[in-house]
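Work through the exercises below with the sequence and the model open. Try each task before reading its solution.

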Amino acid sequence: MDEIVKGIFYVAVFPGLLFCGSVGLLLCWVDRKVTARIQSRIGPPWYQCFIDIVKLMGKTMIIPRGSRRAGFLLAPLVGLAGMTLVSTIVWRVNIRPGASFIGDSIVVLYLLILPSLALILGGSSSKSPFGALGTSREMKMMLAYELPFIIAISTVIIKTETILLGEIVGFQSLHGVLIGHPSGGIAFIVCLVCMQAKLGYIPFDIPEAETEIIGGVLAEYSGVSLAIFKITNAMMLFILPLFLMTLFLGKIHFNVKGILVALVEFLVILLLILLVKTTHPRLRIDQAVKFFWWIVTPAAVAGMILALVGI
Amino acid sequence: MNSILIVPILLPVVTGLLCLLISKRRILEVLTFFGMFLTSVAALVILLGDSLRLRMEWIDFSYFRIEFDLYAYHFSSFILLACSFFGLLVTIYSLKQMKDKDHLKDYYCYLLLTVGFANGALLSNNLVILLIFWGMIAIMLYLMIRSAGIHAEKAAKKSFIIVGGSDFLMLLGVVIVWQLSGSLTMTDMTIPVRGGLPTAAFILLMIGAIAKVGAMPFHSWIPDAAEVTYTPVMAFLPAALDKLLGIYLLTRLTLDLFVLDNSMKILLMTIGSITIIAAVMMALIQKDLKKLLSFHAISQVGYMVLGIGTGTMVGIAGGLFHMLNNVIYKTCLFLCAGSIEHRTKTTHLENLGGLSKSMPVTFIACAIAAFSISGVPPFNGFVSKWMVYQGTIEMGGPFWPVFLITAMFGSALTLASFVKVLHSVFLGQKPKEISEPKEVEFSMKIPMIILAFLCVFFGIFAQFPLKYVIGPVLGQHFAGFGEAISFSGMWSPTLATLLLSFSLICGIIIYRFGSIKNVKDGEIFVGGESIDGEEVRISGTHFYDTIESMGFLRILFEKGKSGGFDIYERGKSVLKTLSMILYQGVDRMIERFYDGIQIVTIELSQYFRKAHTGLLTTYFIWFLVGITVLLLILMK
Amino acid sequence: MFKDLFQRCFKKSIWVYHTNTGACNGCDIEVINVLTPYYDVERFGVKLVGSPRYADALLVSGPVTRQIVPALKNLYDSVPDPKLVIAIGSCAAGGGIWYDAYNVIGGVDKVLPVDFYIPGCPPRPEAIIHGVAVALGLIEKKVAPITLKDEGFEKWMKS
């Protein structure tokens, strides 16, 4: 019972919904500001994303006639639920590496499917043809980036010989961060590219292509449900680089120097993602699938072979 | 008490044979239902008791004994219950679905006979008895598929050849086993697989199990049967029964009968991995619902074989649990497909759509089963798949990352395929051709609801089946299973589900904050035009055209579609070549040999013909020569 | 309480959806100019979105042609409440040069309830920003409506 109450606290407040949601929205602002600066303009003020969410929550929702109402409304919640659980797990491992359970890296992998699944369900439930198109694209995108992502995580597992996230972190305290080794470095780059696709950022924001298919998966969403999708995206922006850091850059030490180092690492990863986002055009879906399957996957396999050999 | 073991075998067989005599539909249905029900009760009784054994002498020569040996311990009795239970569910379902088909008494008779023979195979402890029942099930398979009509003939023949052929290989394996261990009783032997002969025995017996279960390369009978036969038959046979039987046999082989070494394990794991990926890629491009589901059945088998092949405790537990889960959600999916077919008379994905509003129960059951099969937490598929991954990682050995990656990627592909199914059939828009279908009747709903509920239950409270069912099976061979399964250091599905549902509640709170009350209805926005639903309908069948047409994969897909990987087709062409060689090389040769003899004989006789001149003097001289020779010989 | 918060937030984050109902594209180009780095409006929280479902404000340009009236109404219904309609350019404000053409309805306000007009042919980006700022309540309206008297014509008539 005690565990359940603690669990609820973790999920709702501390490393869960409130904390990650707020920090995620701040990071959304960082995204817009950096994009603005790269495009030589002033960006919005720091509270802009919060205001966006509040405004969205106040608008009326329009539900298309004839769509499956329950599925339409349930889809954003599924994504949110999955994301909160992932954020709880990742933060708990970072704060207390002993608290990780067996197989939690794979559990995180599977739970990360839930936000994409939410998009897919949402797109299908609306009666719109753009939703159907978006669904098909999102599914193909997921197939495309899951393969190298799985291979990269397997590389980490091979190298550290464990699948507990806590022990992966511990391994890196003993043997140096995983990025230092060649196989870890390759896996890190592969993961970075897959992160770009998972976050739905250009050049891989094909399912949500705003200018192409009127918002694709989210075409018929408005109001609160859209707000929940945006919160889920914000949390993903926060948690995914953190997950990468846990896997490849080791433990966050909770003293002043450690926190500064962690912050710098985090911002560097974020900056890499944003730089790619602002300087590339959008790919077509078959180009994206070919890119992931014929270029990124062989790279990931090469990294895995290096890890098997022992480098 | 021991003779209760006969009941699950005899009762369905007798009832089935009785069915052949009855032609009124009502009595038939009642009879079948009670037959199945009583069998399930008997199985439950057997399960709740201790291990039972029944031995009767059957054939006894001095050098060769076959006992009629039935043995029910926790594993076999649990699967016995599962078998009878699924038979019962399918019977309830068929009451309405098969209402207007003809030859109903044949169908029910075969159903009961199959259950009876399957029970026999499960309970049997003697390899020969097992083979007998196995073979009878193969015959029943042919008959059940064939019962759909003459157009099912080809598919039924193919199934019988593949499964029956593997039976023959099993017979060979049994003979080798008898040679190696001197006995035919399954509980009495443990053969280490080292060296040529035990390996051959293991592989032959394994082929028997794998062909029944449908792993590659013996899979091709399942999709062909799926196209032509009745859906309850599909729901029962390839989904439920074959998996239970085949994996039961495989587990007995790997745990009890043989002691595996690494090369065999790797062979099993390779078969598993290839099955997973190849079958699910074929499933991605299918346009017919039943064929798609059958390819998924094949693919899930890969997980089971992979789990059992790892040889570690967690892996085997995962494989067995996956078998249980697979039976639950596969049967549920096939039953949903049957409901759709019953109401809309078609299973082509192109012609379906938007059925979620009119068939909500079917939709929810199908969605739950679809998410279970894809391994989405917190349903049961995720727990068993995760255990299989655990086992793969723990096993170590060479190539383990390859197996892990294929398994995880296969799960992503499964999700893709089911997204397509859900979108094409339930979500999306309804085409004009389908008039408003109603929900299926009550008796067809019940099995689906029960199975969907089990999916959720086994997912959230996974401790129960693991501790009480699968634990004892492995407890014989691996110590410490009980503690490992107590979930203290493992993923606890209950806690996770609780937290997930709490997050859902948080989401609902956000909804309340955000004026969920002001909700309007509106048309979809397609650029401002008011376009009719039919014109903007996008069915899911073309979702994966991109993947299908990508370079290297295109070639593979074309070969797969045209039967390039089908062992039956390949076997047929090999046989054709072989028969042609035999015809030319042997048959013709003998013909020519006979022709040669004929020619030689005629030549010789021509030669002697010249001696018969017709002149009396010549014959007189021959007569004198002959007499002289005879006198000379007689005087010696 | 929440409504108050929402009112304040609404002004600071308006998402626009731009539509062209038969314009010559002059106003459209000027609108796009507004959204580019030189005149950056994102600092006010204004964003261009790709679907009317996300939008708060409709930017309409062009005199409304007959064919587009049903589509325009459909579009207006697709935007969730609360919404603004801003008519950009003289054509949208009252038909412009085409106010009495045979195929033009003449001005957006004949079809939709317009909240703000930004006249000009085309209006400079500064004018558009001025109009948006007035709409957001950031500055006072500087120009009052005047009625035009054609003094030159009367004088000529008398002479």
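This is a predicted model: local features need pLDDT of at least 70, side-chain atom pairs count only at pLDDT 80 or more; totals for chains, interfaces and linings use all residues.

**Exercise 1. Describe chain B as a whole.**

Solution. 
- Take secondary structure to begin with. Chain B has 23 helices and 5 strands.
- Then burial. Of the 636 residues in chain B, 53% are buried.
- Then contact range. Among contacts in chain B with a separation of 6 or more, 80% link residues 24 or more positions apart.

**Exercise 2. Which elements of chain B give two or more residues to the side that touches chain A?**

Solution. 
- Chain B brings 59 residues into contact with 66 residues of chain A.
- Name the elements. They are α14 (380-395), α15 (400-425), α19 (493-513), β5 (519-522) and α20 (545-548) of chain B.
- Find the largest share. It comes from α19(B), with 14 residues.
- Sort by class. The side of chain B that touches chain A holds 41 nonpolar, 14 polar and 4 charged residues.

**Exercise 3. Give the strand order of the open sheet in chain C, and find its edges.**

Solution. 
- Read the order. The 5 strands of chain C run β2-β1-β3-β4-β5, with parallel pairing.
- Pick the edges. β2 (47-48) and β5 (116-118) of chain C each pair on one side only.
- Look at one pair. Strand β4 of chain C, residues 84-88, runs parallel to β5(C), and 3 bridges join the two.
- Ala87(C) faces Tyr117(C) in β5(C).

**Exercise 4. Where do helices α2 and α5 of chain C lie against the strands?**

Solution. 
- Take α2 of chain C, residues 26-34. This helix lies across β1 (15-20), β3 (57-61) and β4 of chain C. It runs at about 140 degrees to β3(C).
- Take α5 of chain C, residues 125-136. This helix packs on the sheet and touches β4 and β5 of chain C. Its direction makes about 165 degrees with that of β5(C).

Methods:
Residues are numbered from 1 along each chain as its sequence is written. Chains are lettered from A and ligands numbered from 1 in the order in which they are written. Two strands pair if DSSP finds at least two bridges between them. Helices (H or I, at least four residues) and strands (E, at least two) are DSSP runs, numbered from the N terminus. Two residues are in contact if their C-beta atoms, placed from the backbone, lie within 7 Å. Axes are lines fitted to C-alpha atoms, for helices over the stretch in contact, and angles run from 0 to 180 degrees between N-to-C directions. A residue is buried if 20 or more other C-beta atoms lie within 10 Å of its own, exposed if 12 or fewer, and partly exposed in between; C-beta atoms are placed from the backbone. Ala, Val, Leu, Ile, Met, Phe, Trp, Tyr, Cys and Pro count as nonpolar, Asp, Glu, Lys and Arg as charged, and the others, Gly among them, as polar.
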